[in-house]
Every structure is written in C-alpha cells, then in structure tokens.
Amino acid sequence: MREVVVHATHHPGELARIANALSLKSVNIKSLAALAIGHQGQVRIIPDDIEAARSALQDANIRFEENEVVTILLENHAGELTGVAAKLADAGLNLDAAYVIGVGSDMVELALAVSDVKKARKVLE
C-alpha cells in the first residue's frame with residue numbers, strides 16, 4: 001500500500017483543490033490525515049488506486065511525495081498501539097504518520113508511514 005503526501009499552503013480551498021484533482025480521475029480516498037502548522041499544511045492520503053492518484057496530482061500540477069506504508073491489524077482494545085509504537089521506537093524507527101484504514105468491533109487496521117519500511121515489517125511480524 002502506498003500514500004501520497006502533499007505539502008500545501010494553509011489557505012482556504014487547498015484540500016478542495018487536492019480532492020477535486022483526485023475526483024476527476026475517480027480516485028477514492030481510503031484514508032486521510034491532514035495538519036496545518038502556521039502557514040504550511042500537509043495532506044497525507046492513502047488512495048484506492050495509486051497510479052490514478054499519481055496521474056491526477058501530476059495533471060493538476062500538485063507536487064507530492066509517494067511512500068510505501070506498512071499495514072498492521074490490531075485488536076481493538078486499550079494498549080495495542082502502545083506495543084506497536086514501542087517496537088518501532090526500540091528499533092530506532094521514526095513514525096511519520098498513522099492512518100486508520102479499517103475498524104471492526106474486534107480489530108483495527110492501521111497503515112503506518114515509517115522511516116524504514118523493510119525494517120518495520122520485520123519488527124512488527
């Protein structure tokens with residue numbers, strides 16, 4: 001699974017511009033994380049179709065980064081995220097973003113953007 005990361009300005013309409021570009025290529029957003037600090041914003045998206053998302057953003061002249069993410073399925077109760085975060089920290093891995101991509105009564109599926117995907121997969125096995 002892959003994410004796209006758009007570094008945007010913190011102005012009205014930026015998210016609409018990005019979402020519109022994706023919608024024009026029929027890209028569905030599986031998960032999204034967005035944050036603004038001062039005049040800068042960051043929009044992180046896990047699209048249902050990475051090739052279409054890439055094409056959509058390029059066609060709209062929206063600069064972006066693309067990264068692989070690690071997915072993990074956790075039991076849906078207190079303390080599960082603590083264990084995952086501790087394993088990543090103990091391995092010296094930075095967590096850049098976390099997405100909820102699925103929720104059930106018993107389980108939660110997360111996608112994690114980390115500094116070293118291969119190492120994270122090994123640590124989280």
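In which sense do strand E1 (residues 2–9) and E4 pair, and over how many bridges?

Reply: This is a predicted model, in which local features need pLDDT of at least 70 and side-chain atom pairs count only at pLDDT 80 or more, while totals for chains, interfaces and linings use all residues. Residues are numbered from 1 along each chain as its sequence is written, and side-chain values use heavy atoms, with hydrogens and water left out.

Strand E1 (residues 2–9) and E4 pair in the antiparallel sense, over four bridges; strands count as paired if DSSP finds at least two bridges between them, and the elements themselves are DSSP runs numbered from the N terminus, with helices (H or I) of at least four residues and strands (E) of at least two. Within this pairing, Arg2 stands opposite Glu68 in E4.

The pair belongs to an open sheet of four strands, ordered E2-E3-E1-E4 with antiparallel pairing. Its edges are strand E2 (29–37) and strand E4 (65–68), each of which pairs on one side only. On average, neighbouring strands of this sheet are turned by 20° against each other, direction ignored; for such values, axes are lines fitted to C-alpha atoms (for helices over the stretch in contact), and angles run from 0 to 180 degrees between N-to-C directions.

Two helices accompany these strands. H1 lies across E1, E2 and strand E3 (40–47), running at about 25° to E3, where contact means heavy atoms within 4.5 Å. Helix H2 (residues 50–59) packs on the sheet and touches E1, E3 and E4, its direction making about 20° with that of E1.

Glu14 counts as buried because its relative accessibility is 16%, the classes being buried under 20% relative accessible area, exposed over 50% and partly exposed in between (1.4 Å probe, protein chains only). Leaving aside neighbours within four places in sequence, Glu14 is in contact with Ala8 and Thr9. The side chains of Glu14 and Thr9 make a polar contact at 3.4 Å, that is, a pair of N or O atoms within 3.5 Å, of which, within protein, one must be able to donate a hydrogen and the other to accept it, residues adjacent in sequence counting only if both atoms are side-chain atoms.

Ser26, by contrast, lies in the loop between H1 and E2 and counts as exposed, because its relative accessibility is 64%.
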